[in-house]
Amino acid sequence: MRINTHFDGIVTSAETGEIFLRRLSWSKVWKLPKTGDGVKVTAIVWRPDSVVLAVGYSSGDVTLVDVESGVIAHTFNPCGEPVTALSWENSIASLNEEAENFLLPDELLPQPSKVNSSKLDAGPMLEGEKGLKNEELLSLLWIGLKNGLVYGYAFGLFPCCLLKLSELSGMNETIGAVRSICPNGDHSQLCILADLRAGRSEVLLMTVDTPLITYCLKELYGLGVLYRQITGLMDCLISAQKALQEAWEDALVDLESKMVRYDNNDGQSSLSVDLMELLMFGHAGIKLEKFLVTDLTDKGLKRIGQAVELSYSNMQKLLIKHIVCANYQLSYYLTQLCGLAKQEDRFSCLGLQVNLCLSACRAAGSFTAKTAELQQVIDGSIKYLKTFFRWLYVTILRLSDEPIPPELATSTQQDVRFIANFLAKDFETDGQVRLDRIGQYLRNEPLTSIASSKTRPWDMLAEACPTITNFPDSDLFQPRAERSLAQEFTHLEQQVKASFEAIPSAVGQTASLPFMTNLTLDCPSDGLDNIKITSRSINQPKDRCNLIGLTNSATPSSGFYLFEFASEKERKNLTRAAFFSFRRCNHLPPGEYKLSDMQFYNDEIMSILLLTEQNTNSIFLQLSLALLREQLAPVMSRRGPFNSSFQSDLFASSFRVFNDFQATALGLSSSRKVAAIFSAAKRKVRIFDMEVEEEEDVEDEDQDIEDVSDLSQEISKDGGNEKDVSDVDMAVSP
């Protein structure tokens, strides 16, 4: 469960994999369906501006969702391992103006239109449409995986860092699932909690310094902006090519549905052979004549001709308005990328290589050349089809003894050659009626019919300007005559991916691990998934540190650990910790208590959910972080186990008792001043205000509703003190 600190809403996930966004009134805003059978939601985090929601799954997928509309803006899978932790942080400084100093303006670029196609789930969407608008701050989405890897994605899209914890630690044992990631706010350090993959109930707490990210914030911001633009345009090209494929298939539907009815049983000829004999000798066999007059008919042929011509016209529009336009922009941004790569003093340390960027730029040029070639092939095919359909129409009229319009009565020798060439090369493939001259360009395989060099635009340019052949190969586009358009695009995708591929490892290799300690927990090794973990980064001028709290058991715990990792210069890498037991908590009535959940409410308060020994009542406890931190003791060993024999006292600033309510999950928002408490046993939720200046009386209203789509909720007001207030119980999806 996550509460948005800006948007008035709460995000919850079901065990079946659905995601729900609800307002604090508990009215449903949208629902995100499950991604597959057995796939569970493992982590949820808001982007710092609360515009985008990142969701991690057990399948390894990470989905970015536009909060306002509930539309999936982007989905990626870092390496196929289950996602176990997510964290999203902003940079302190704005980098928008600095990045503009080395990025070219793009106001004059033509924008590709959105593809409208009923068969597509969605047309190509630019970043503004995805809800992933450019940010003035460099935000980093950190993704922890089950295999001990941590990925950093700038803006949630651009992979810019890869941390291999096992290699960083230098341990013989392999580090397992990453449980928590807590960045310190300026991208210079991460505090990480991870498992030891050794069959023991042991976790590692470590700090990872990432100095290169801090040093190259401007460069990473600029690369992130270019990456967003480039990947958005690649999405445009993918969708446009799907629409192009659909338009070509539409051109075949009516034609094949008619032509497939022609069945020659002698096994020695086909429709194209019989039509060729009709063209050459002017005589149609009985079966062919019956097919043309009865099955095909002049009106049917007219309709087919119009449908095919319309489909070809749509293909031309897709090429010109979408593919050519998007690839023009793509070439523009790849040229900028080459320019950045040539600034080796700034970008070579990030793994950006000039030769790879130039290869991507050449691949975009080759794709452009192949697009121009396809345009000419479509123009030629339209001429072939018009001539063929006109001849066939006149033939049907003649066989039907119908009058022939004067403008169609005559044909030239050139028309006969056109028709013969069409029937011989393009009309049939493997015994089936196909228009293969265009279709071959849309398949990811070599062309079966290569266009003449005299008609390929790039070869015509090379022939007209022989001097360009003397240029270095690196400055030339290199279209291959035998490649299809789909093959050229696949090559373009590979080259674009290769341009950015080395960046995550290059940045990750500069990271260091100044502190690490292992902690043994009181639970079986397979119960580490159920320990409660919370983290918070404090960025006050005189107090900069990361706090991580975790329970000592997978079952309801009798206490919790609190670790403080200082990040200010004077106390750099100073770590303090303590274990707090509820047996030493003031104000609590006598008895045994177990911790159900905990979260940091703000920089000053930590919130705890407790269960009584009989598991009948729950207590919502507010703890002062200042008092807790006063009792933290320095952790002396940087490469050894943490000794937790000393137990510190707890001082509660306030608490509330929930009678007959087994609270198991907690969601907090200090900016919204809201707390949401869930009960798994009764499938209930209570939402109340944490800070209200005036007391308000709210009448009791109990509802038990099984259908999650019909839930409603009233918020009860309370100032956080021990007072009588009404909490509203509502059924929630388990």
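**Terms set against their cut-offs**

Tutor: In this predicted model, R483 has a relative accessible area of 23% and is partly exposed, because that class lies between the cut-offs of 20% and 50%.

Student: What makes E488 buried?

Tutor: E488 has a relative accessible area of 0%; buried means under 20%, so the term applies.

Student: How do you know that R483 forms a salt bridge with E488?

Tutor: The closest N and O atoms of R483 and E488 are 3.6 Å apart, and the criterion is within 4 Å, so the pair qualifies.

Student: Why is D186 counted as buried?

Tutor: Its relative accessibility is 19%, and the limit is under 20%, so D186 counts as buried. R544, at 17%, is buried as well. These two residues form a salt bridge, with the closest N and O atoms 3.3 Å apart. The pair links distant parts of the chain, R544 in strand β20 and D186 in the loop between β13 and β14, 358 residues apart.

Student: What makes β5 and β8 edge strands?

Tutor: In the open sheet with the order β5-β6-β7-β8, β5 and β8 each have a single partner strand, so one side of each is left without a neighbour in the sheet.

Definitions and conventions. Residues are numbered from 1 along each chain as its sequence is written. This is a predicted model: local features need pLDDT of at least 70, side-chain atom pairs count only at pLDDT 80 or more; totals for chains, interfaces and linings use all residues. Side-chain values use heavy atoms; hydrogens and water are left out. Two strands pair if DSSP finds at least two bridges between them. Helices (H or I, at least four residues) and strands (E, at least two) are DSSP runs, numbered from the N terminus. A salt bridge is a side-chain nitrogen of Lys or Arg within 4 Å of a carboxyl oxygen of Asp or Glu. Buried means under 20% relative accessible area, exposed over 50%, partly exposed in between (1.4 Å probe, protein chains only).
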